[in-house]
Amino acid sequence: EFVGRDIWEIPIACSREKCQAMMGEMTEGTELLQTEYSVVIEGRTLHYEARLMSLPDSAMLVILRNITQGMIERRQRKQAEQQLRDIIEFLPDATFVVDKDKRIIAWNRAVEEMTGVPKEEVLGKGDFEYAVPFYGERRPVLLDLFDLGEGEIHTKYDFIQRDGDSLVTEIFVPGLRGGVYLWATATLLKDRDGKLAGAIESVRDITSRKLRERESTALYRISSAAGSVDSMAAFLDTLHGVFRDLIRADNFFVALKDEERDVLVFPYFSDEMDSILEIDRVSTREPPTPTTQVFRTGRSLHLGHQEMLAAYQNGDLASVGSRSQDWMGVPLISRGEVLGVMTVQHYEQGKRFNDMDERLLISVSDHVARTLERMQAEELLKASEEKYRSIFETASWGIFQAAPSGELLSVNPALASMF
């Protein structure tokens, strides 16, 4: 039925123009040609692949293959992939996806906002490129831990949960926006045959929640100590324990103003390098020390080692005691008046407090200031009572206390000896 007819007369063949163009290309010396084309039969579009091979005597062999179903599946797959990309793009959590070779294939809007890195800079890149915006270096992240054993996974994170092909963790990232706590989950991606296709990781900033948790823990412990200890020294020792646990503050001191002498005194001073000291001329010292600067301004101050050196060299601040690698002080303010300064510092190189640590100190400073003010008043009252008691007991004159009814409430030894 078809022998003797032209190729383009076959219903599934390409158009006359395309067929003639392919045949012309073959007659010009091309030995093998492959192409795809579409035809419409009874209102339905069909897709074919044609392979042409030169034969002796200027003849050619043509092999046709119906690729309609494959084209439909590819189109559906592309549509599904686009839908997935759209979903990932508008997820509220920062999310990125890698292929099986760990190359980034998706980097959504939320992760752009979190890291400040646009997708154009990272898409298609491998070699732990996805870690750099978070950690400042190329290193494994959560989705890389699927390659590790159970024991190795727990050495990378303080807290981690594994549920089949998913991992969940919380981690502090000091190099991202001054230090943030992140919740992260990673899941393996597999194709329809169950083979590994890649992985997806979503990240959420939980810094505010973690800060509230730390503040609640600190305030609870501080409040408990304020109501149970019997001295300022015991309270401040408990306070140091709170900061040691929550912000790794091994070096901690509290300075309070002695108004009569214009000096800062230290009711608590725990430091690995220096002994307790006293800072004079609080109101007039120029340049001020970091501690007196906080006292005068009523504002917190956080200085790294290089910042401190620059301030000392420029004459903006005066150095007192050993120079630390990181210094942070917050004012203790009660009823609008600065009572003193609460300070933590590190001497170890590379150790640094972060923004969350500073916010924690600031958040509890009002409570600490009110507690210290109350304890100061109680200690003054106790000292006054003891002074009165001493005078009462040792006076050579007879002294007694009486109720309005005339009943004697107390008499001193001198009065008792008169009878």
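Select Thr35 first, together with the residues around it: setting aside residues up to four places away in sequence, Thr35 touches Lys18, Met22, Tyr48, Glu49 and Ala50, where contact means heavy atoms within 4.5 Å. Thr35 is found in strand β1, which spans residues 32-41; helices (H or I, at least four residues) and strands (E, at least two) are DSSP runs, numbered from the N terminus. At 17% relative accessibility Thr35 counts as buried, the classes being buried under 20% relative accessible area, exposed over 50% and partly exposed in between, with a 1.4 Å probe and protein chains only. The model is predicted, so local features need pLDDT of at least 70 and side-chain atom pairs count only at pLDDT 80 or more, while totals for chains, interfaces and linings use all residues. Residues are numbered from 1 along each chain as its sequence is written, and side-chain values use heavy atoms, with hydrogens and water left out.

Stay on strand β1 and select Leu32, which, at 62% relative accessibility, counts as exposed. Leu32, Met53, Leu55, Leu61 and Ile63 make a nonpolar surface patch of about 440 Å². Patches are made of residues with over 30% relative accessible area and no salt bridge, like charges being joined within 9 Å and nonpolar side chains (Val, Leu, Ile, Met, Phe, Trp, Tyr) within 5 Å; accessible areas come from the Shrake-Rupley method with a 1.4 Å probe, and for residues only the protein chains shown count as cover.

For a charged patch, select Arg74, Arg75, Arg77, Lys78 and Arg192, which form a positive surface patch. Lys and Arg count as positive and Asp and Glu as negative, without His and the chain ends, and the place of a charge is taken as NZ of Lys, CZ of Arg, CG of Asp or CD of Glu.

Next, go to Lys102, in the loop between β4 (94-99) and β5 (104-107), where its 22% relative accessibility counts as partly exposed. Leaving out residues up to four places away in sequence, Lys102 touches Lys125, Gly126, Tyr130, Leu143, Asp144 and Asp147.

Then move to helix α10 (residues 355-394) and select Leu360, which is buried, with a relative accessible area of 0%. Beyond neighbours within four places in sequence, the contacts of Leu360 include Leu211, Ala218 and Ile247; the C-alpha atoms of Leu360 and Ile247, 113 residues apart along the chain, are separated by 8.7 Å.

The last stops are salt bridges, of which a search of the whole structure finds 31; each is a side-chain nitrogen of Lys or Arg within 4 Å of a carboxyl oxygen of Asp or Glu. Select Asp357 and Arg248, whose side chains meet in a salt bridge (4.0 Å, N to O). This pair links distant parts of the chain, 109 residues apart, with Asp357 in helix α10 and Arg248 in the loop between α7 (232-247) and β10 (251-258). Asp357 is buried, at 1% relative accessible area, whereas Arg248, at 40%, counts as partly exposed.

Finally, select Arg335 and Glu373, which form a salt bridge with the closest N and O atoms 2.7 Å apart. Arg335 lies in the loop between β13 (326-334) and β14 (337-346) and Glu373 in helix α10, so the pair ties together parts that are 38 residues apart in sequence.
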